[in-house]
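Hi,

Here is the structure I promised to pass on. Have a look at it first, and then read my notes below.

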Amino acid sequence: MIPEIGQFALIVALCLAIMQGVLPIAGAGFNIQSWMGLARPLATGQFLFVVVAFGCLTYSFINNDFSVLYVASHSNSQLPLQYRIAGVWGGHEGSLLLWVAMLSLWGLAVANFSKNLTAEMVARVLGVMGLIAIGFMLFILMTSNPFDRLLPAAPDGRDLNPLLQDFGLIIHPPMLYMGYVGLSVTFSFAIAALLSGRLDVAWARWSRPWTIAAWMFLAGGIALGSWWAYYELGWGGWWFWDPVENASFMPWLVATALIHSLAVTEKRGSFKSWSILLAIIAFSLSLLGTFLVRSGVITSVHSFATDPTRGTFILGFLVVVVVSSLLLYAWRAPKVGLGGSFEMISKETMLLVNNVILTVAGAAVLLGTIYPIIIEGLSSMGYLAATNKVSVGAPFFNIVFVPLMVPLVFMMGLGPLARWKQASLPDMLVRLRWAFGTTALVAIIMPLLMGGWSWLAALGMALAGWIVSATSYNIYSRLKSGRADELLLARIKSCPTSYWGMHVAHLGVAVSIIGVTLVTQYETEKDVRMHIGDTVTISDYTFRFDGVTDVTGPNYTASRGLIRVFRGDYEIKVMHPEKRIYTVQTMPMTEADIDTNIWRDLYVSLGEPVEGGAWIVRIYHKPFVVWIWFGAIFMALGGLLAVVDRRYRVPARKEAKVKVTAEPGLAKPTVTATENS
Amino acid sequence: MKRYLIAALLCLPLLGQAKEAEYSSSDPVMHLRVMEISAELRCLVCQGQSLADSHSDFAVDMRNQIQEMMEGGMSNREVTNFLVERYGETIRYRPSLNSTTVLLWFGPGLLLVIGIGMLYFNVSRRKKQVQNQPLSADDQRRAEAMLEQKSGDKQA
Amino acid sequence: MGRYLRYLIPLAVFLLLAAFLWQGLKLDPRDIPSPLVNKPAPQFDLPLLADPAVHIKRDEMLGQVWLLNVWASWCVSCRQEHPVFMRLARQNIVPIYGLNYKDTREAGINWLNDFGNPYVASGFDVNGRVGLDYGVYGVPETYVIDKQGVIRYKHTGPVSDEAMMTTIVPLVKELNG
């Protein structure tokens, strides 16, 4: 009964979404107040019914209802409760339901945090979100219904994929989907602005905090995914340029570009049509990612079980969404005004260079990801021989991506210091002389400190050093410029939180670069054969293998190694790497044990038993690896600081005043050019 | 459990007498070479993993095969070419540069040049356009509003 | 007009991309084309599975169209395609040679005794050297080799009746002229 209620609730939600997609937009077009007024209640209603549907599926999981096909394929009565809940989004159907739930949650958020938007804008934004929801709900109901019954019911479930039975999986998909789906809000704002034909600065101001929020979740989701791969896959890798990782990375790169482009649009009224285009591309890439992961056109460790009808449906949906929005764009964008003027050397240009690089980086990732499909398509059509088929992997992406980061990081130090409209390059370079010095010093000293010269290490440290020193200089000069009698704390407070947000996010990039550089250049791996009592020494740690015991978990049996770690003669840690066999899927899993501190990770994973009672053990010393994810936390935190900036919350009073002088819909006047942020 | 206890007891004496474990491969330098080249080769039976990353039988076999070839004196390039001849270009994760991959390798660079070029062109053109435009009534109002806001902003 | 056209560039790029994705839906990314197709089959000289004293060489097969089927007793999906090869062998359409890949002699012989032997002969490739030369990556694999000793077709994975009937047998007949 419960699954049927869930399905029914989803159908009701679909009906509400249809109304939400049609009435408010029509109302805004024909100026019918009552139809526009429906947007908020409909979004709320849609949210409630999706929550009911989601709750019903969760209920079936918790209560082991194996008469539901999806539950029977992704759960098991022995599965611990937290994984039964995470099992809801452990497969294709349920993860789509999670997607829809996130979409309706964002809709609810827009309905509630849009007090200072005009009624037409709210109607159009929520209307576009309703249209997107229709697509996804139809997709679920027509091709991927998680509520389908299995008759007769299975006696027990086939269990959740052991790889997914992990804390990381409980939080990673919701976080990532919040990001993916959050970009639909940005997209909806862009489409709403195009529909209204008034691409004003207000649009940029309204959509910017939503973009940053989505970007934040996306960053968090990507970082969690990387962290999960690091400790769960058992060989210590943290980024593989796998198509599924790329699918989340591309929209993030474009969203990063969009945040910067919106900064110009908001402050200076320029690049409006470019910002709109980026908003469309960012969401299109998140849809494209869905297609790549669920259609089976690419091979990936993480892709879902696929069937062609699903692929066809998403591709059709993708085409409808992208073609209609790009047509709308081509119709409206040429009429957008130019905005304020600026010189070749100015903050505007620098932000544009940032945009070009980030967009090219995103395009490079896209090119590498789909190039095999292109070649295969050309050969299937007879333009190329079948033997031309290629695989594009990590070596390609590293070669192409890393060089793009060098100019990007250089601009990251320069851009925040540059003035709007016109900046002086010589002046900035002189002001940054100490930053250059520090950078050179760090680049030379750090590799030597880490125990060996490497040009790549020097380059990485130079990039990180440049960000940190240029940012520090920027903050220093900003704080110095206040009135003499002002206390430091007061000066800090007088800067808007978005100013701090920007710097925290930039520092996050530096932190991640340090992690990536040092771990790739200085990690040590030892792959050894250990008898009981044998030791291995890496860096100044000694690992002693004290045997293996058999343990039994709730739904697995495991061989559990006992490894003591000494520093000098002093025992600092007992580690328990495991080799698990999950009973239902009989899948072997390597559960590494990791000792993390801020300077290094000790990573121990158990291989196979070999003759004479010995085991193959893999031991890694990974300096600074955790900095990679710390950096992401910094970036997300920076985003949070930017989102809570006062100007997004209380612009109503000021704007009201401006509206009296300016015609409604006319570009909102911008803050003056001297501002430093 | 018993094994565990015995092991623990046996190991009570401190590290002094412990024996350094052997590498799982007889030649650690060779092992590194094998892993280095495996990272650039695709595990054909896996779903998008390299030979170095995969635990599958195929990957283990191939790594042994590679090690044998290297011990036989083949260079990294020779080993890769040997495998490409038999398994095809798809086994390379670093596609070789040829007429079908030229767009892949130079596409990003080309895009960067086009992007920067368009940026330069646009910025210089727009400067002219903005300068040549006479101040419209709208702009006039906008400027006034801006001035007003500027005075209002002094406090903020 | 040109002013407006450039706003259509993103749409054009997307449509091109969508066309490739559409094409990609119909293809299997796991399909790995062999570079050996239309190349001479690699030489081999292997002891027979049934009798180590007798050797089998590639050149002995010249002048006839033949199938080379890579199999092993440990390979589960070989069992799936086995009846298909048994049926083919009974019809005497084409000689089938086996390549017993990374197996033990005893297990291989037992397997043929248990399930039937469709092969004229099976070479015993204990260390997989010949398999490597043929680019074997997933057992079972089947090669169609023509009179000049050139590989004309490769099938990876178990051969179904359908594939046998619609692809392999017609190709053999065509090669036999």
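**The sheet in chain C**

Let's start with one pair of residues: Leu67(C) stands opposite Ile96(C) in β4(C). Please keep in mind throughout that this is a predicted model. The pair belongs to a parallel arrangement, in which strand β3 of chain C (residues 66-71) is joined to β4(C) by five bridges.

Zooming out, those strands are part of an open sheet in chain C with five strands, ordered β5-β4-β3-β6-β7, and the pairing is mixed. Which strands stand at the edges? They are β5 (121-125) and β7 (151-156) of chain C, and each has a single partner strand, so one side of each has no neighbour in the sheet. From one strand to the next, the twist averages 20 degrees.

**Where chain C meets chain A**

The contact between these chains draws on 19 residues of chain C and 29 residues of chain A. On the chain C side, the elements giving two or more residues are α1 (2-5) and α2 (9-25) of chain C. Of these, α2(C) gives the most, with ten residues.

**Inside chain A**

Helices α6 (residues 92-112) and α8 (residues 167-196) of chain A pack with their axes 9 Å apart, at an angle of about 50 degrees. That angle is why α6(A) counts as oblique to α8(A). On the α6(A) side, the residues making the contact include Trp99(A), Met102(A) and Trp106(A), while α8(A) contributes, among others, Pro173(A), Pro174(A) and Tyr177(A). The crossing of α6(A) past α8(A) is right-handed.

Further along, have a look at Val509(A), which is found in helix α19 of chain A (residues 497-522). Is Val509(A) buried or exposed? It is buried, because 23 other C-beta atoms lie within 10 Å, and the cut-off for that label is 20 or more. Setting aside neighbours within four places in sequence, Val509(A) is in contact with Met412(A), Ile467(A), Gly631(A) and Met635(A). As for Leu414(A), it is 95 residues from Val509(A) in sequence and 15 Å away in space, C-alpha to C-alpha.

There is also a hairpin to find. Strands β2 (residues 534-538) and β3 (residues 541-552) of chain A pair in the antiparallel sense over four bridges. Thr537(A) has Thr542(A) in β3(A) as its bridge partner. Two residues lie between β2(A) and β3(A), and Ser539(A) in the turn has a positive phi of about 55 degrees.

**A sheet made by chains A and B**

Where the chains join, strand β1 of chain A (residues 524-530) runs antiparallel to β2(B), with two bridges between them. Here Arg529(A) stands opposite Glu22(B).

As for chain B itself, its secondary structure comes to six helices and two strands, which follow the pattern α-β-β-α-α-α-α-α along the sequence. Chain B has 156 residues, of which 26% count as buried. Among its contacts with a separation of 6 or more, 42% are between residues 24 or more positions apart.

Cheers

Technical notes: Residues numbered from 1 in each chain as written. Chains lettered and ligands numbered in written order. Predicted model: local features only at pLDDT ≥ 70, side-chain atom pairs only at ≥ 80, totals over all residues. Pairing = 2+ DSSP bridges. Axes fitted to C-alpha atoms, helices over the stretch in contact; angles between N-to-C directions. Parallel < 35°, antiparallel > 145°, perpendicular 65-115°, else oblique. Left-handed = near helix turned anticlockwise from the far one by under 90°. Contact = placed C-beta atoms within 7 Å. Buried ≥ 20, exposed ≤ 12 C-beta atoms within 10 Å, placed from the backbone.
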